[in-house]
Amino acid sequence: RQGQLSPEKLAQKLCQADNVDAQMSLMVQLFEFSESERRLRDLLVTLFQEVFLEFFPGSAVLPFGSSVNGFAVSGCDLDLFLDLEKTKNFQASAKRPSGPQAEDGASVEQDSCSEDSILSDIDLASATVPEVLELVAAVMRKCVPGVHNVQAVLTARRPVVKFWHKESGLRGDISINNKLAICNTRFLQLCTEMDERVRPLVYVVRYWAKQQALAGNPFGGGPLLNNYALTLLVLFFLQTRTPPILPTVAHLKELSVEEERTVVDGWDCSFPKDSARLEPSGNKEDLCSLLSEFFRAFEDYDFAGCVISLWEGRPLPLPSFLSSSEAGSKLKLGPFNLQDPFEQSHNVAANVNEKTALRFQRCCCNAAKYCRSLQYQRKSSKGKIWGLVRLFQPGATEASVAENFVIGLPLTMAVPPAQAHELLGQARDFHLLWFQKVCASVAFVLRDVLKCSCVEVGQGLGEEQEVSEVKQEEEELEAKTQQLSVGSKRPLDEGGSNVSLPAKRLRVDDLLPGEESMTWNCAVWHRVWLGRRRIRRQLQGPESETQHQKANSLDLEAKVSEAISQQKCEARPTDPLFQFTVCAQASRGGTSCEQDTRISLRFSTDPEQASVFQEFFHFLQGFLPRMVEQHLVRKA
Ligand code: ATP
Ligand code: MG
């Protein structure tokens, strides 16, 4: 993809805007493609058109998707529809004795179906989609200059021929039998014309979703939302405002006049061509609050329990949806049900899995929370990031919610049976004792194996935090975030003195009754998660891993961390790479049996350090439970 803005450049530019509305409008300006890119695309379409006309008389090449729907992003793919309807008619009429006269009256060159025409190889009326697409691919490979990597992808719901145009760097798809896409593209375009808030909102939501890895798999497919689905979700949201910013699709149909009536593949696709005929919305909400309302609308949305209908502009509860329409019974239900505005038996988010649906909700929840803060609403006077910028940091708003970073320790079996038995004798103390042992091991691994600073800051934090209200916490977090980003040096005292951390602390309702908890503030000074295997091999020498070494792997791992920390700079840097808080919690089951003690480690960090923390966390997920277990075994 060409001409793409780096996240850093984007952040810089956005921070200079005056308010969130200006930031959102700027997003459109920064991402939409230039006039020259538009011309380049037009030229490419013309090139394809010329070539295809030669092989498929009467055919038309029509762009759809982001190149023309009003949501273009520089370098976005070029979606093309090859309309062979007329070619089919030509071929059919050429076969009839009356001569090659098209049904619609257009004349065709006599030789279009002659011996050497490609049409002599195929009967378009009876050929399957894969057969036609293979032929299209062959034409592209041989006859379209500058086109490479031509590949027919026949397994998709809409089979396509993919290509890459080398000089322009553009990638694209050609499909056939996809007239509905032309209609829905025109519909999206109409929406952008109806209200000027549509484009900025869609650009921002698309970019946000991409940054949070919720959408935009560049290779297509997979369990993520695609841009079309996301766009429909924004349009639906705008239909549900009071008063509505966009009309329902059913209402648009009523407004259409005779010559606008269109039915494609049996679906009514009638809507007005010209937005000038439509009443502008009386809704005056600004972009800043619309965006935050968007996140609020979907933070606890029941995506699985209803079908989002743009036709009706409301969610349709599953039971009535299933029973009331024929389309309903054919729509593929899943964790995320978003009905196509025209092809009503099609769930455009049918590929989305439960994990993505839940993550979408959670990201909306975190984003909504962030949008309530002053950091979102007001430009920083101190040159700090504000507004959209933090929203776009990968995982940033996610990190402020501790629940997302949890490691469960399935360690109950690690206690040698004899000891467990002995401990169980004093059943009442068993859980506490076990919890303390595990906590000591966790601290050991963080401090002694991974060389992090690790300061215990409290046990049973629950009661202590009882008085703190959510709001107060948020303000604190806000202030600390600001303080952090000023770049103030806050040396972390290893001796155990009080360390102020910008991380969100646990509230009383995060703890269930009958739980123990222990919290540490930690700092990481080196990227101890990188290149461990190589250093381990160097330290271990050539011989394979023996039992003896395995038992010593805590020591070995400690040496690996040591080596990493000495790699670049011998002296410890003055500031840690990042800091985090980890809270160990034990929850007891009803019986006093060791299997009922579950210990989970909840991590939280400052949102600004979320991306580096995430790398560390992924490493910890595998590393920490293993090491803690080894330490417990060693102690036993
Ligand atoms: P971009 O290419 O930048 O991701 P886009 O708007 O072109 O954005 P695509 O996913 O390429 O989005 O989709 C292009 C077109 O293909 C859409 O406008 C729509 O007509 C059609 N389309 C894409 N996905 C679906 C889907 N899940 N269901 C129905 N039609 C779809
Ligand atoms: Mg596209």
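User: Which residue has a polar backbone atom 3.3 Å from a nitrogen atom of ligand 1?

Analyst: This is a predicted model, in which local features need pLDDT of at least 70 and side-chain atom pairs count only at pLDDT 80 or more, while totals for chains, interfaces and linings use all residues. Residues are numbered from 1 along each chain as its sequence is written, chains are lettered from A and ligands numbered from 1 in the order in which they are written, and side-chain values use heavy atoms, with hydrogens and water left out. The pair counts as a polar contact, that is, a pair of N or O atoms within 3.5 Å (within protein, one must be able to donate a hydrogen and the other to accept it, and residues adjacent in sequence count only if both atoms are side-chain atoms). The residue whose polar backbone atom lies 3.3 Å from that nitrogen is Val348.

User: What share of the accessible area of ligand 1 does the protein cover?

Analyst: Accessible areas come from the Shrake-Rupley method with a 1.4 Å probe, and for residues only the protein chains shown count as cover. On its own, ligand 1 has 590 Å² of accessible area, and the share of this that the protein covers is 82%.

User: Which side chain has an N or O atom 2.4 Å from an oxygen atom of ligand 1?

Analyst: Ligand 1 is surrounded by 16 residues, and the closest are Ser66, Asp77, Asn184, Asn227 and His346, where a residue is near a molecule or strand if one of its heavy atoms lies within 4 Å of it. Asn227 places a polar side-chain atom 2.8 Å from an oxygen atom of the ligand. The side chain with an N or O atom at 2.4 Å from a ligand oxygen is that of Asn184.

User: Which helix gives the most residues to the shell around ligand 1?

Analyst: By class, this shell has five nonpolar, eight polar and three charged residues, with Ala, Val, Leu, Ile, Met, Phe, Trp, Tyr, Cys and Pro counted as nonpolar, Asp, Glu, Lys and Arg as charged, and the others, Gly among them, as polar. Helices (H or I, at least four residues) and strands (E, at least two) are DSSP runs, numbered from the N terminus. At least two shell residues each come from helix H6 (179-194) and helix H8 (227-239). The helix that gives the most, with three residues, is H6.

User: Which residues are the protein donors of the magnesium ion (ligand 2)?

Analyst: Donors are N, O and S atoms within 2.8 Å of the metal (3.2 Å for Na, K and Ca), and water is not among the atoms, so sites may look incomplete. Buried means under 20% relative accessible area, exposed over 50%, and partly exposed in between (1.4 Å probe, protein chains only). At 26% Asp77 is therefore partly exposed, whereas Asp79 at 11% is buried. Lying 2.2 Å from the ion through their OD atoms, the protein donors are Asp77 and Asp79.

User: Which residue does Lys253 meet in a salt bridge?

Analyst: The closest N and O atoms of this salt bridge are 3.4 Å apart. Lys253, at 32% relative accessibility, is partly exposed. The partner of Lys253 is Asp268.

User: Is Asn521 buried or exposed?

Analyst: Asn521 lies in strand E13 (residues 515-524), and a polar contact of 3.1 Å joins its side chain to that of Thr581. Asn521 and Ser453 are 68 residues apart in sequence and 8.0 Å apart in space, C-alpha to C-alpha. With a relative accessible area of 7%, Asn521 is buried.

Terms used
A salt bridge is a side-chain nitrogen of Lys or Arg within 4 Å of a carboxyl oxygen of Asp or Glu.
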